[in-house]
Amino acid sequence: MTPTLHQIHPVLPVQNVLAALFFYTQKLGFDIVFADDSKDPKYVGIKRDHIEIHLKWKDVKEWDYTIDRPRLRIVTQHVDILHQEYNFKNVFPKETKVIKTEWGTKEFSFYDLYKNGLTFYQNS
């Protein structure tokens, strides 16, 4: 038998789980999969289509904006339509555009509320 890797569920640090949940559910279209507490969650799972991301509360004393934040590269289809959806919801700065890269993708990138990087892309 050979072990097979099936999925990855990245954990993004956030300072306010409820604010992050609002951003990911109301702006990015994710649904809540689970929460460790319904009123004051510290750890939650969210999902849109086949992508699951976990959000974990980090105390402000543990927070350091000088270190690199996580960056997720999320494969999608119809990246232009997704960009339009998020643009309509004012998810990112107006100058955020879909670009064609030298490595053969079409993509756009922005940061969430806590400077975790999100790039949505498709192969061109």
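The legends below describe close-up views of a predicted model. Residues are numbered from 1 along each chain as its sequence is written; local features need pLDDT of at least 70, side-chain atom pairs count only at pLDDT 80 or more, and totals for chains, interfaces and linings use all residues. Side-chain values rest on heavy atoms, with hydrogens and water left out.

**View 1. Strand order in an open sheet of 4 strands.** The order is β1-β4-β3-β2, and the pairing is mixed. β1 (11-14) and β2 (31-35) stand at the edges with a single partner strand each, so one side of each has no neighbour in the sheet. On average, neighbouring strands of this sheet are turned by 30 degrees against each other, direction ignored. Strands (E, at least two residues) and helices (H or I, at least four) are DSSP runs numbered from the N terminus, and two strands pair if DSSP finds at least two bridges between them. Axes are lines fitted to C-alpha atoms, for helices over the stretch in contact, and angles run from 0 to 180 degrees between N-to-C directions.

**View 2. Pairing of β2 with β3.** β2 and β3 (residues 43-48) are antiparallel and share 4 bridges. I32 has I46 of β3 as its bridge partner, and F34 stands opposite G45 in β3.

**View 3. The hairpin of β3 and β4.** These two strands run antiparallel and are joined by 6 bridges. The bridge partner of R48 is I51 in β4. The hairpin has 2 residues between its strands, and D49 in the turn has a positive phi of about 55 degrees.

**View 4. Helix α1 on the sheet.** α1 (residues 17-27) lies across β1, β2, β3 and β4 (51-57). The helix runs at about 160 degrees to β4.

**View 5. Buried and exposed residues of helix α2.** In α2 (residues 79-88), V79, L82, H83 and Y86 are buried, meaning under 20% relative accessible area, with exposed over 50% and partly exposed in between (1.4 Å probe, protein chains only). Seen down the axis of α2, the buried residues fall within an arc of 100 degrees, so they line one face of the helix; the arc is that of the directions from the helix axis to the C-beta atoms. I81, Q84 and F88 are exposed on the other side of α2.

**View 6. Packing and end of α2.** The buried residues of α2 pack against α1, β3, β7 (105-111) and β8 (117-123), where contact means heavy atoms within 4.5 Å. N90, which follows α2, has a positive phi near 55 degrees.
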